[in-house]
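Have the sequence and the 3D view open as you read.

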Amino acid sequence: MSKRRDNRLTPDEINIAISPLELETLSFDGAVKLFIADAKRRALRDDTIEYYQRQLGMFRRYLVQIDKTALISEVSRSDIDNFVDYEKRRGMQNTTINVRLRALRAFFHFLYEMKYIKVNPMEKYPLLKIQANYVETFTVKQLQQLLNAPDRRTFTGLRDYTFMLLLLDTGLRLSEAAAIEVKDVKLAEGLLFVRHTKGHMHRYVPLSAKMRAQLQRYIKIRGHAETDRLFVTLDGEPMSRYSLQKIVGKYGKQAGIKGVRCSPHTLRHTFAKLAVMNGAGIFELQKILGHTTMEMVKTYVNLFSTDIQGKHEDFSPLKDL
């Protein structure tokens, strides 16, 4: 006859009794579905959700290689460390790896807070160090090469040239430029209304005379389309964010530009650099770029301001020697 069990549960048994079943059964893919569903409930922007999906997808590819997608609870801190090493071996820069780590931090924080996992492998996980105050920009010569690459005798060439010129003239983020509608272009006022912003704060951005003239030409040739979006395909469909993202890289490669990443964000940095060098103030630059804090704007000013360099001749101790 077997011994009668003690009616009182042990601490370990109590832990099993009160723990969610997901702790034992939730897969990586299931965890991602819960995370994305929560992001949608919180009305995060579409491109933010796409960012999470893309970065978590990169991590999933690694987990498949080490056979750890079955249970999310089995993903450990050492797996994160090994993933970072794996990305480095693939030639990824620290800035790119940090983009992945930020997504993983949000993902595992959600799972831990909702008690889907007992241990958060990303708790206090440090981002990789990057070179301080390094901002990649195009030279004036590279800009000329880039803007001369599209064939403006074609619609796609004219559209792509207008898109790149607009990024350079305004410093818009890719997501902001992708969401522009024809009605947002205020040619008479010389302004562009930016509706799809990072901080959900709409703003107006000034347009130069050259940019207004180019937009006027493009809009006239664009003609009527079913979509209100400014940038459209040959079929009159709105250009996707991904399609617009590839434009700068395409023409950078076509122009043979080396030594700099050819991307929309590099054009944004280049706008900031040239604006500072041409005398833009820190507050007006913050407003145009749509930064909520001064941190990045101060970086631009510290890196690219020519005021100190120009005045150095006046206050240098060597002047009177």
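Helices (H or I, at least four residues) and strands (E, at least two) are DSSP runs here, and their numbers start from the N terminus. With that naming in hand, please keep in mind that this is a predicted model.

**The chain as a whole**

The protein chain holds 15 helices and 3 strands. Of its 321 residues, 42% are buried. Among contacts between residues at least 6 apart in sequence, 61% join residues at least 24 apart. The chain exposes about 19,600 Å², and carbon and sulfur atoms supply 52% of that area.

How confident is the predictor? The average pLDDT of the protein chain is 85, and 83% of the residues score at least 70. Over residues 315–319, however, the pLDDT is below 50, and this stretch has 3 contacts in the model beyond near neighbours in sequence. Where pLDDT is low, the predicted coordinates should not be read in detail.

**The second largest pocket**

Let us turn to a pocket next. The second largest pocket has a volume of about 370 Å³. Its lining is made up of 19 residues, and those nearest the centre are Leu 168, Asp 169, Thr 170, Ser 208 and Phe 271. Which elements give two or more residues to this lining? They are helix H7 (140–148), helix H8 (155–170), strand E3 (203–206), helix H10 (209–222) and helix H12 (264–277). H8 supplies the largest share of the lining, with 5 residues. Sorted by class, the lining has 12 nonpolar, 4 polar and 3 charged residues.

**Two loop residues with positive phi**

Most residues other than glycine have a negative phi. Against that background, two residues are worth a look in your viewer. Asp 67 is not a glycine, yet its phi is positive, at about 60°. Asp 67 sits in the loop between helix H4 (46–65) and helix H5 (77–89). Lys 115 also has a positive phi, near 65°, in a residue other than glycine. The loop that holds Lys 115 runs between helix H6 (94–113) and H7.

Are these residues buried or exposed? The cut-off for exposed is over 50% relative accessible area. Asp 67 has a relative accessible area of 66%, so Asp 67 is exposed. Lys 115 has a relative accessible area of 56%, so Lys 115 is exposed too.

Ser 263 belongs to the loop between helix H11 (241–254) and H12. Buried means under 20% relative accessible area; Ser 263 counts as buried because its relative accessibility is 6%. Leaving aside residues up to four places away in sequence, Ser 263 touches Phe 138 and Val 248.

Asp 46 is found in helix H4. With 55% relative accessibility, Asp 46 counts as exposed.

Each of these two residues can be paired with a partner elsewhere in the chain, as the table shows.

| Pair | Separation in sequence | C-alpha to C-alpha distance |
|---|---|---|
| Ser 263 and Ile 247 | 16 residues | 8.0 Å |
| Asp 46 and Ser 175 | 129 residues | 9.9 Å |

How values were computed. Residues numbered from 1 in each chain as written. Predicted model: local features only at pLDDT ≥ 70, side-chain atom pairs only at ≥ 80, totals over all residues. Heavy atoms only, no water. 1 Å grid on protein atoms, 1.4 Å probe; cavity = no way out; pocket = protein on both sides within 12 Å on 5 of 7 lines; lining within 4 Å. Points joined across faces, edges and corners; volume = space filled by probe spheres on them. Nonpolar A, V, L, I, M, F, W, Y, C, P; charged D, E, K, R; others polar. Buried < 20%, exposed > 50% of the residue type's maximum accessible area, 1.4 Å probe, protein only. Contact = heavy atoms within 4.5 Å. Areas by Shrake-Rupley, 256 points an atom, 1.4 Å probe, with all protein chains shown as cover. pLDDT = per-residue confidence, 0-100.
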